[in-house]
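Biologist: Let's talk through the ligand site. Show me the model, and I'll ask how you back up each label.

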Amino acid sequence: MNLIIKNPATGAAIAELTSDNKASVRAKLSLLQQGQKEWALHPVKERLACIIKFGELVKQHGEELSVILTRETGKPIQQSRNEINGAQNRIDHLSSHAERWLRGEVLVDEGLTHEKISYEPLGVIANISAWNFPYNVGYNVFLYALVAGNAVLYKPSEYASLTGKQFEKYLHKAGVPENVFQCVIGPGDVGQQLLEEPLDGYFFTGSYGTGRHIAQTVAHKLVPVQLELGGKDPLFVMDDVADVKQAAINAAEGAFYNNGQSCCAVERIYVSEGIYDNFIDAFVAEVKTYIIGDPTNQHTFIGPLTRQPQIAVLDQQVTDAINKGAVLETGGQAMEGQGYYYQPTVLTNCDHRMKVMMEESFGPIIGIQKVSSDEEALSLMQDTDYGLTGAVFSGNEERALKILEALNTGTVYWNCCDRVSPNVPWSGRKNSGLGSTLSAQGIRAFVQPKSYHLRSS
Ligand code: NDP
């Protein structure tokens, strides 16, 4: 069966790719199983050189790659460029640190018995990925896995398959052998096929539902499983922010960048009652300035949703919130005409009976709730099944840290949000996932330690 790629801005088919099937997945896996052994023998420096070259090629072809990303996901072109340029920081960071992180360690070298650790690759790993930031989330896994000596069977989302094919093309051009990186194309059932095969690890980015299914399906294999899942990330705006208008502008960007389709997008906002009215005025005014439309126009901030079915999810959240007493400040429905456009939507007077405050929206809508104390805000921020990120805007670091230290999330932000850095681990708690990417921990995820006890006589 073939995979038809559609442009979300028009709904028109723009490409057709041959989908993989059971036989082709098996053939690719067997190729990788042979290649991985040889790849693992190369020094880290040589593997790293291929990744650095890959980064150079992506940079050289950046504009062409941005256009492809925009055409298949609807991401506004300037945001596609930002993503491609921004993801390069993973390569820079790896090239500075990977050799040190992967070097073995001698723990005892005196006396009769010497003890040391070496780090060995896992083997051939499955990288099942999402469409919303294919460069960021792809790089977080396959670059680190390759540098650590693994081979990678990469399954892009069916909504980012053209981009996935570009990764394959440029990795091979950069010197990563064909029997070390292979892309499999197709919808979810091709991903399912990967679960049936004997891979040495499963590294998944996507929704909680699919992540849980993957963990359950491969549990009997007893191989590493890592899950980077969704979130319902809260932001609390305290009454001591230096500039309410600027706080509103930053909060809106955190909620609406990439059309809200970010795992760490601000998904619900709590505002201290003392600044609530001013904050709402500034927030709504800011959202009304957003340029919506053709994602190939470099001034566009809000393009189409990538997936048409998400429109029904957003409609349900809006209707549910209004029925329970929320105030619709702006937006509230899909836009007429071609493409999967949804109006940037702001709901105020929200509370936790509403889906918009409890379920991942993954679109350009936000619920805002007034709070009367820091304790109330913290309790509401913690009232979630997710645990990806949480943010506080405040003029007082100590006051903000009190909340951030109490949050049960993998990442916390003070006066910033919707941000990922290669320096620190990226990890979710509760329904937001398992394990870490990025930093030293992100590369150790792709190796297994071997302990040596060496007695000379
Ligand atoms: P999905 O869970 O729908 O899909 C993720 C990947 O899994 C896709 O490649 C998909 O293929 C594949 N897949 C679907 N069914 C199966 C199956 N049965 N077995 C194996 N693989 C399967 O997520 P989305 O792509 O819609 O991504 C959005 C979600 O990802 C959001 O919840 C978001 O928050 C989260 N996310 C988390 C990040 C994090 O770092 N924590 C980062 C980015 C996104 P196909 O698409 O072809 O159906």
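Predicted model: local features only at pLDDT ≥ 70, side-chain atom pairs only at ≥ 80, totals over all residues.

Biologist: Which side chains have an N or O atom or a polar atom at a listed distance from a ligand oxygen?

Modeller: Among them are Lys155, with a side-chain N or O atom 3.0 Å from an oxygen of the ligand, and Trp426, with a polar side-chain atom 2.9 Å from one. As for cover, the protein takes up 90% of the 910 Å² of accessible area that the ligand has on its own.

Biologist: Why do you say that the ligand sits in the largest pocket?

Modeller: Sitting there takes more than half of the ligand's atoms within 2 Å of the pocket's grid points, and the ligand does sit in the largest pocket.

Biologist: How many residues surround the ligand, and which helix gives the most?

Modeller: There are 31, with Ser129, Ser207, Thr210, Leu229 and Glu360 the closest. Helix H7 gives the most, with four residues. By type, the shell has 14 nonpolar, 13 polar and four charged residues. Domain 1 (2-229 + 432-455) and domain 2 (233-414) each supply at least three.

Methods. Residues numbered from 1 in each chain as written. Heavy atoms only, no water. Near = heavy atom within 4 Å. Polar contact = N/O pair within 3.5 Å; in protein donor to acceptor, adjacent residues only side chain to side chain. Areas by Shrake-Rupley, 256 points an atom, 1.4 Å probe, with all protein chains shown as cover. 1 Å grid on protein atoms, 1.4 Å probe; cavity = no way out; pocket = protein on both sides within 12 Å on 5 of 7 lines; lining within 4 Å. Helix = DSSP H or I, 4+ residues; strand = E, 2+ residues; numbered from the N terminus. Nonpolar A, V, L, I, M, F, W, Y, C, P; charged D, E, K, R; others polar. Domains from an automatic or database assignment.
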